[in-house]
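User: Hi! Could you walk me through this model?
Analyst: Happy to, here it is.
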There are 2 protein chains.
Amino acid sequence: MIPSVEVSIAPWRPLLLGALHRHRSLPQSRYLQLATVRPDGRPANRTVVFRGFLEGSNQLQIVTDDRSDKLAQIRENDWGEGCWYFPKTREQFRLSGQLTVVDAQCENIALQRSRREAWAKLSDGARSGFAWPPPGQPRAEAVAFDVPVPDAIEPLPHFCLLLLDPEWVDFLQLRGEPQTRWIYRRQRDLTWSVDLVNP
Amino acid sequence: MIPSVEVSIAPWRPLLLGALHRHRSLPQSRYLQLATVRPDGRPANRTVVFRGFLEGSNQLQIVTDDRSDKLAQIRENDWGEGCWYFPKTREQFRLSGQLTVVDAQCENIALQRSRREAWAKLSDGARSGFAWPPPGQPRAEAVAFDVPVPDAIEPLPHFCLLLLDPEWVDFLQLRGEPQTRWIYRRQRDLTWSVDLVNP
């Protein structure tokens with residue numbers, strides 16, 4: 001999952017970056033929905049923020065708290081599917097692949113550096129969330145959320161970088177009738193096939 | 001799953017309808033992302049259109065093609081989770097529950113009537129899609145998409161109504177710091193509990 005050499009830019013990536021560019025006036029265009037599977041076999045789905053691609057790879061960067069349900073889910077089943085809808089261009093990207101958790105214990109030096117870089121780019125408010133009481137637990141008293149502003153260099157222990165490594169991408173353009181739909185599949189040699197399919 | 005009596009309106013429903021109302025100028029506010037589980041245990045996720053609540057229930061109506069991958073997934077694992085993000089009010093609803101497929105063979109008269117009503121509300125263009133070549137297959141020649149305008153009364157055989165019956169709803173308001181998050185859970189007597197939790 002973690003490339004040991006630089007991989008070439010996947011052919012769906014310029015299309016995704018084009019959609020992001022055309023929606024740059026909408027902050028929510030960086031939000032996608034990430035599906036995972038719960039330990040009981042039911043799906044889970046939530047909005048996450050795209051934090052750019054991991055350098056030298058086609059992996060999407062997301063940040064999360066290691067106390068969140070999604071982390072427990074990913075530790076049992078590391079597959080995820082992101083769904084991203086762009087309203088102005090009426091395009092949808094579905095990105096299926098394995099997820100890698102880069103937590104405080106991760107011993108990969110390059111990934112630990114990426115985790116620190118992602119931390120440094122957060123706002124103070126977003127960083128403070130990692131010092132708050134555990135997500136999903138009964139609401140704590142207001143004072144528990146009154147935490148000192150975290151250091152911008154050293155990530156708090158609960159902060160994780162989450163990487164989605166797509167190996168199947170379904171790109172749908174709703175404009176036009178019939179709509180246009182392509183399926184990209186990563187091959188063993190890390191090149192990509194692309195097939196035009198019925199919408 | 002199919003209520004034999006009218007159920008009372010769930011407490012999260014006015015909140016969802018409020019968000020929809022405040023986003024009524026954005027057509028895409030009726031789009032949510034629906035996660036299911038693939039037969040190989042990996043998650044799937046795609047954008048679907050909310051078609052209102054099934055009368056006398058808290059079930060969300062969606063329409064789909066019985067040749068789509070999602071139908072094959074749902075026939076093996078009927079759990080789904082919808083994720084709905086509202087950008088203007090910065091609210092997220094996650095809705096987890098069982099899915100019911102109302103296809104051409106469904107023998108429930110009331111559901112078959114709801115299926116026909118959903119069909120009647122579609123545009124001609126949306127109806128035509130159910131006469132097109134199978135979704136996801138290699139792209140057919142253009143002539144295969146040149147189908148006669150379907151009848152507005154009798155649904156085409158591939159047309160399905162899909163119902164999501166939430167039993168767990170996670171409502172997050174991102175405005176404010178800390179954010180506000182409630183979990184609604186359906187009880188055995190069909191009433192709902194609500195818990196304020198840490199974001």
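Analyst: We can go through the interface, the salt bridges, a strand and a loop residue.

User: Before that, what should I know about the numbers?
Analyst: This is a predicted model, where local features need pLDDT of at least 70, side-chain atom pairs count only at pLDDT 80 or more, and totals for chains, interfaces and linings use all residues. Residues are numbered from 1 along each chain as its sequence is written, chains are lettered from A and ligands numbered from 1 in the order in which they are written, and side-chain values use heavy atoms, with hydrogens and water left out.

User: How many residues of chain A are in contact with chain B?
Analyst: In chain A, 48 residues are in contact with 48 residues of chain B; contact means heavy atoms within 4.5 Å.

User: And what area is buried between chain A and chain B?
Analyst: About 4,000 Å², with carbon and sulfur atoms giving 53% of that. Buried area here is the accessible area (1.4 Å probe) that two parts lose on being put together, summed over both. A:Asn45, A:Arg139 and A:Asn198 supply 19% of the area that chain A buries against chain B, more than any other three residues.

User: How many salt bridges cross the interface?
Analyst: Two between chain A and chain B, taking a salt bridge as a side-chain nitrogen of Lys or Arg within 4 Å of a carboxyl oxygen of Asp or Glu. A:Arg38 meets B:Glu81 at 2.4 Å, N to O, and A:Glu81 meets B:Arg38 at 2.4 Å. A:Glu81 and B:Arg38 are both buried, where buried means under 20% relative accessible area, exposed over 50% and partly exposed in between (1.4 Å probe, protein chains only).

User: What about A:Asp165, which residue does it bridge to?
Analyst: A:Asp165 forms a salt bridge with A:Arg186, the closest N and O atoms being 3.2 Å apart. A:Asp165 is in strand 6 and A:Arg186 in strand 7 of chain A, 21 residues apart; strands (E, at least two residues) and helices (H or I, at least four) are DSSP runs, numbered from the N terminus. A:Asp165 counts as buried because its relative accessibility is 8%, while A:Arg186, at 27%, counts as partly exposed.

User: New topic: why is strand 3 of chain A largely enclosed?
Analyst: Because six of its six residues (60-65) are buried. A:Leu60, A:Ile62 and A:Thr64 point one way, and A:Gln61, A:Val63 and A:Asp65 the other.

User: Which strand does strand 3 pair with?
Analyst: Strand 6 of chain A, in the antiparallel sense over six bridges; two strands pair if DSSP finds at least two bridges between them. A:Val63 stands opposite A:Leu161 there.

User: Last one: where is A:Gly176?
Analyst: In the loop between strand 6 and strand 7 of chain A. A:Gly176 is partly exposed, at 49% relative accessible area.
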